[in-house]
Amino acid sequence: RGETPPSPADVYLEGSDQHRGWFQSSLLTAVAAEGRAPYGTVLTHGFVLDEKGYKMSKSLGNVVDPLEVINGGANKKQKPAY
């Protein structure tokens, strides 16, 4: 049969909340169908927290507008550009 071709992806990069989500479902599916992982390496990252210690999330509405970070807010003294 020859050599096994490389995995479809060299690296999966996601937040640590995906250990039981995307990583696991793609791994189980690929192992069942092809007998191997669909990635060579998994790299997970942490999360940025808000002032209350909660993970910043669009669904929670506690994110910072990237344009406000770049340009500053309407009141430049209170919300300067970075």
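Start with Lys 55 in this predicted model: its charged end sits over the ring of Phe 47, at 4.7 Å from the ring's centre.

From there, let's move on to rings that pair with other rings. The count comes to four aromatic pairs. Take Tyr 12 and Trp 22: their ring centres are 5.7 Å apart and their planes meet at 15 degrees, so this pair is stacked, given that planes under 30 degrees apart count that way. Now look at where the two partners come from. Tyr 12 belongs to strand β1 (residues 9-15), while Trp 22 belongs to helix α1 (residues 22-34), so the pair ties together parts that are ten residues apart in sequence.

Trp 22 has a relative accessible area of 43%, so it is partly exposed.

Val 64, Leu 67, Val 69, Ile 70 and Tyr 82 make it up, and together they have about 560 Å² of accessible area. To pick out one of its members, go to helix α2 (residues 66-71), which is where Leu 67 has its place. Is Leu 67 buried or exposed? With a relative accessible area of 53%, Leu 67 is exposed, because exposed means over 50%.

Note on methods
Residues numbered from 1 in each chain as written. Predicted model: local features only at pLDDT ≥ 70, side-chain atom pairs only at ≥ 80, totals over all residues. Heavy atoms only, no water. Phe/Tyr/Trp six-rings, centres within 6.5 Å; stacked < 30°, edge-to-face > 60°. Helix = DSSP H or I, 4+ residues; strand = E, 2+ residues; numbered from the N terminus. Buried < 20%, exposed > 50% of the residue type's maximum accessible area, 1.4 Å probe, protein only. Lys NZ or Arg CZ within 6 Å of the ring centre and 35° of its normal. Patch = residues over 30% accessible without salt bridge, like charges linked within 9 Å, V, L, I, M, F, W, Y side chains within 5 Å. Areas by Shrake-Rupley, 256 points an atom, 1.4 Å probe, with all protein chains shown as cover. Salt bridge = Lys/Arg side-chain N within 4 Å of Asp/Glu carboxyl O.
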